[in-house]
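Please walk through this structure with me, one element at a time. Keep the sequence and the model side by side.

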2 protein chains.
Amino acid sequence: MDVSETNTPHSKLRPLPLRDVKITGGFWAQRQRLNHHVTLFDGYKKLEEAGNLGNLRRAAGMSDEPYRGPVFMDEDVYKWLEALSHEIGNSVDPELVGLADKTISLIAAAQQPDGYLNSYYQVMAPDQKWADLDHGHEMYCAGHLIQAAVAHHRATGGDSLLNIARRLADHINTIFGPGGRDGTCGHPEIEMALVELYRETGEKRYLELAQVLVDRRGQKRMVGLGPYGPEYHQDRVPVRDSHRVEGHAVRQLYLLSGVVDIYLETGERALLDAAMRLWHDAFTGKMYITGGFGSRYEGESFGEPYELPSDRCYCETCAAVGSAMWNWRMLLATGEARFADELERVLYNGFLSGYALDGRHYFYMNPLESREGAERPGWHSVACCPPNIMRQISTVGHYIATRTGPIETTESGIQIHQYISSTLRAGKGPIGLSEGTPRTLSLETDYPHDGRVRITVDSTDGAPWQLSLRIPAWCLGPQLSVNGEPVSPAAAAGYATIERTWRPGDVVELSLPMSPRWVQPNPRVDAVRGSVAIMRGPFVYCLEETDQPYVSNLLDVRVDTACTLQENWDDDLLGGVMLVRARGQLEKGAEWAEQLYAPLDEETPSGTELTLTAIPYYTWANRGSVAMRVWIPRAT
Amino acid sequence: MDVSETNTPHSKLRPLPLRDVKITGGFWAQRQRLNHHVTLFDGYKKLEEAGNLGNLRRAAGMSDEPYRGPVFMDEDVYKWLEALSHEIGNSVDPELVGLADKTISLIAAAQQPDGYLNSYYQVMAPDQKWADLDHGHEMYCAGHLIQAAVAHHRATGGDSLLNIARRLADHINTIFGPGGRDGTCGHPEIEMALVELYRETGEKRYLELAQVLVDRRGQKRMVGLGPYGPEYHQDRVPVRDSHRVEGHAVRQLYLLSGVVDIYLETGERALLDAAMRLWHDAFTGKMYITGGFGSRYEGESFGEPYELPSDRCYCETCAAVGSAMWNWRMLLATGEARFADELERVLYNGFLSGYALDGRHYFYMNPLESREGAERPGWHSVACCPPNIMRQISTVGHYIATRTGPIETTESGIQIHQYISSTLRAGKGPIGLSEGTPRTLSLETDYPHDGRVRITVDSTDGAPWQLSLRIPAWCLGPQLSVNGEPVSPAAAAGYATIERTWRPGDVVELSLPMSPRWVQPNPRVDAVRGSVAIMRGPFVYCLEETDQPYVSNLLDVRVDTACTLQENWDDDLLGGVMLVRARGQLEKGAEWAEQLYAPLDEETPSGTELTLTAIPYYTWANRGSVAMRVWIPRAT
């Protein structure tokens, strides 16, 4: 689940409960409205059409429709229900509440008296329960149910779904708990769910179950599909001994999220050390500029360091969600800005590219180059991504801020990580309890289109505290003022921190210059050598063929990096975007068309000049299926 | 099969029977000796160890060992037996003859009374014969048996294996012949085998069977494995309507070889037109500089045009064999030098890289870059490649020359396509019949290490005829003399042709300058932008980490293309190779190690100078598993 709410002392930063954050306008409010009014309802329809709900009805004995789809169909319902629950918390809607209650009743009816719940095994293979841990996805689906239940409980206070989840978790614990059967799930996911269930219920057995499920990995017992080894299932090496991210990217990233969750509750340093090593491996060698992960179609897997092809990368939308979850937990554990930076990168690029502007179409893979264009499907036969997008959109408010405590110490403060128009309430006591006057703030901004952010202190107690504002690593020359007076606080480790005795009405203004800029790749990355990318603020840009009227093959375009990038807001295009224009050339590819290789002395004729128009990467493939590229070869 | 022997009028060039060509020394004689004395015997051992021979014994009722391996295990035996047969023809060896006879007896014992023969179905699924044409590989295996039988018949004159093959072909014809069951094999191969069986036996029904098996393709009836569509099985579009090479590369290339074989016998223009269109698509957009094909691991398939990653290309050794077979047939059909050029490219690079210098290890995939090195296995669980290498090596003499006729016309002549030390005999009548004095030649050369070729006319009739010598497209400034006198014949369409009344003892000397040279890729190929390759003669070169003592990461190497490439023969290295040295730089990758992407204005510090040593690509991975790359980034 995207939302981790914890009071543990190992969480260097404390999250704010989602109910204490309200997004009030701007970029994400627009997306939450789309999610609320279009995507969630469309999702319910798709879950009906694809058979997910029918499978549960069949399991409940309410119909005799045949089971449809792969073994893990239930999880799509649960992730959708989790998103729905968060959204009920974000903005009251009886229609959503009705959908949730109806679906919870269905799930309740499907659950067995012993707590077991999985429509595939109940309908198709009742004697095969827990027989194929490698591929059965039973704990994976259970994890998603648990996350939905915790979200529903937090949003509504009701325990109808939470009771179902607890019975299922207890059932699993009976079989697989400490001292029980020595197995774990082929697809990590339940670990973070169990930790969150522990947080929500206080029942330590859920945490302990999560621990043993992690501890049992790395014995090479699980065999991958086809030619893939045990790394596919995250079973090649024990977590604490691992030195590289490998295998199926989503499984690896989900596992690491759960591992950091366990660290946050137990403080077991070896787990955080492993997560730090793997983070270094992932983010210095295997990450796309969009924040995407998964260099290979084969096994939907990571590649070698610096293996980052633009065209055949997998970059699954779920891997982007996994990276966001992992970075969020790393941020909580360490307080280091780099994790918030990477969360921002993936959120605005590799994640958001999976969500069409109409709220009804998706991408499973998010390549950085498409020679022939790509059609966004309205749903997938393996539909993990669409409901993952829904729950990520519904919980994005969670990433805005954290607090530190305890009060009356110099570390007492509020940290702003993501700039989103919102109101924030940071109680002083543990989550769920408030002592005295809460500290409340309002953020107003047009971020990520504009770098100016205005923060008003709406209420506060009388004690001094620190307000820390993340200065994104991409930003040069930020400016800061308090009540109109420029201030120059030490920007330590990515945060500008102001400490004072705040008064209601105090206004902090932050300006993050976001002119478009050129970015170059590490020279070890073969796939994009001699090319540059354009970024502006957190957005990675791309060229889409639609915007290049004189180009018949996007492979022939070159960009002149000596030019100054021009920006131009277009309110009518793609929901409102800042276009970026550059001077470029159209290479005469025709001379080359008949040969793939030529002597070096045959010089390529210089091209004709033209203007190139770039759009934010996340908006591509919303105007039909045409060629696109993020990395643009440099004119030489 | 590699060897097509035909008298059809549609064959613009006529092949010489393999028995009329003897390789007498040099590069290929060395490899044929290795194949003869090491690889074929080792192969027999591996076929025993892997279970292939045991499967046939079980099918023959001679043992009760369990069936082992995938469904197509028989084909490995047949390809090995084909290679063995060719090699018996090349150089008499009672031990090889004994092995052949023993294996043929085993195959005879395994064949059913009705002619059916396939150990997998006979042992494992006797009621499933011909039930799964998509994946069963029954006709595929049969095709390999037929090719082995034709080879054995030609080499020995014996019909023990040919009779088995005819009975199997007749059995298949009864079921799938014209008007019979409307099916074809998921893996093309039998088409070219049946055409060759027609050539060998004169029985037209084999040609007609090949025709209907091709005609039935393209109805989208065959479903690929996993996510692959009907293109995987070459069933997306009818052959005559196809415009691009697609799907599984080996299947596509085998199919095209069979299609051109059918054209050669029937003269049906639509087939050659389709082959020409697909050749253009393949060789102007999808071929690696090594001649390799298959840009994707997924589906072992072709990619889009210009999708040519160096690291994750498939470039299966069998695809290289397929390309050689296809180009050979295109050459026969058209007489155009470009097909001989491409045959040469793939033979010396993408094919030969699959064969270890010790004659006992192989590569299945032949990437152009390996960051971490690769181990050559001694055999494969899917072992199609090793015996394909054996039969290719044993038949390489076939590619040396062709003849045109009929005698007494101006087109009468001999064409030399590949420069290999050998004696050649071009009879004037149809294949297998000789009229009057044959024309015989001796070739002496150290090609491909040295570009000088000496051709002596050993015997000839009194009529004038044309001697045509291919001038490789890579060669600038060839020189030619007859009996010591320089001549400057018109080099039309890739051939230098001398017409005269030859006398025994006439000597033609050809000199093909082969200084090492830089090659650049088409700018549409993203994967190797800003990089160059080194070639010398037909060889593509590569850098292997072993030869770069001061380099700890081959990704940090740059080459200075302003330098003059130096060559240096090393007799002791890798069986004797011409090393090529260039001036280069070692980039300071360390500064970059902590970031994948950086602002463009952060200039990469210039590197330290060093000398780079390149070896022929085919020799890589013979000194342990270390990093390798063909394309070298240019220092800027």
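Pro448(B) sits in the loop between β7 and β8 of chain B. The model is a predicted one. In it, the peptide bond from Tyr447(B) to Pro448(B) is cis, and omega is near 5°. Chain A has a cis peptide bond between Tyr447(A) and Pro448(A), with omega at about 5°. Pro448(A) lies in the loop between β7 and β8 of chain A.

Now look at the strands on either side of these loops. In chain B, β7 covers residues 439–445 and β8 covers residues 452–459. The two pair in the antiparallel sense, over six bridges.

In chain A, β7 (residues 439–445) and β8 (residues 452–459) run antiparallel and are joined by six bridges. Here Leu441(A) is bridged to Val457(A) in β8(A). The two strands form a hairpin, with six residues between them. β8(A) also pairs with β14 (residues 507–511) of chain A. That pairing is antiparallel and has five bridges. Within it, Ile455(A) finds its bridge partner in Val508(A) of β14(A).

Back in chain B, step out to the whole sheet. Which strands does it hold, and in what order? It is an open sheet of seven strands, ordered β2-β6-β7-β8-β14-β10-β11. The pairing is antiparallel. At the edges are β2 (21–23) and β11 (485–487) of chain B, and each of them pairs on one side only. From one strand to the next, the twist averages 20°.

Chain B has another open sheet, made of six strands. Its order is β1-β4-β5-β9-β13-β12, and its pairing is mixed. The edge strands are β1 (14–15) and β12 (491–492) of chain B, with pairing on one side only for each. Strands of a sheet pair through backbone hydrogen bonds, either parallel or antiparallel. A parallel case is found inside this sheet: β5 (residues 413–416) and β9 (residues 465–470) of chain B run parallel and share four bridges. Ile416(B) is bridged to Leu469(B) in β9(B).

Helices pack on this sheet. Helix α12 (residues 317–334) of chain B touches β1, β4 (401–404) and β13 (495–500) of chain B. Its direction makes about 20° with that of β4(B). Helix α13 (residues 337–351) of chain B lies across β9 and β13 of chain B. Its angle to β9(B) is about 45°.

Helix α1 (residues 26–50) and helix α2 (residues 52–59) of chain A pack at an angle of about 60°, and their axes are 4 Å apart. The angle is why α1(A) counts as oblique to α2(A). Which residues make the contact? From α1(A) come Tyr44(A), Lys46(A), Leu47(A), Glu48(A) and Ala50(A). From α2(A) come Asn52(A), Leu53(A) and Arg57(A). By class, the contact has four nonpolar residues, one polar and three charged.

Two backbone details in chain A deserve a look. Trp130(A) is not a glycine, yet it has a positive phi of about 60°. Trp130(A) is in the loop between α5 (119–124) and α6 (138–156) of chain A. The other detail is in a hairpin formed by β19(A) and β20(A), with six residues between the strands. In its turn, Leu574(A) has a positive phi of about 50°. β19 (residues 566–570) and β20 (residues 577–586) of chain A run antiparallel, joined by five bridges.

Last, turn to the empty space. Rolling a probe the size of a water molecule over the atoms shows where empty space is left. How many cavities of 30 Å³ or more does a search of the whole structure find? The search finds ten. The largest cavity holds about 180 Å³ of space. It is lined by 21 residues, and the closest to its centre are Pro309(A), Ala527(A), Pro309(B), Asp311(B) and Ala527(B). The lining of the largest cavity comprises nine nonpolar, two polar and ten charged residues.

Methods: Residues are numbered from 1 along each chain as its sequence is written. Chains are lettered from A and ligands numbered from 1 in the order in which they are written. This is a predicted model: local features need pLDDT of at least 70, side-chain atom pairs count only at pLDDT 80 or more; totals for chains, interfaces and linings use all residues. Side-chain values use heavy atoms; hydrogens and water are left out. On a 1 Å grid over the protein atoms alone, a cavity is a set of points where a 1.4 Å probe fits but cannot get out, and a pocket is an open set with protein on both sides within 12 Å along at least five of seven lines; lining residues have an atom within 4 Å of a point. Grid points are joined across faces, edges and corners, and a volume is the space filled by probe spheres set on the points. Ala, Val, Leu, Ile, Met, Phe, Trp, Tyr, Cys and Pro count as nonpolar, Asp, Glu, Lys and Arg as charged, and the others, Gly among them, as polar. Two strands pair if DSSP finds at least two bridges between them. Contact means heavy atoms within 4.5 Å. Axes are lines fitted to C-alpha atoms, for helices over the stretch in contact, and angles run from 0 to 180 degrees between N-to-C directions. Angles under 35 degrees count as roughly parallel, over 145 as roughly antiparallel, 65 to 115 as roughly perpendicular and the rest as oblique.
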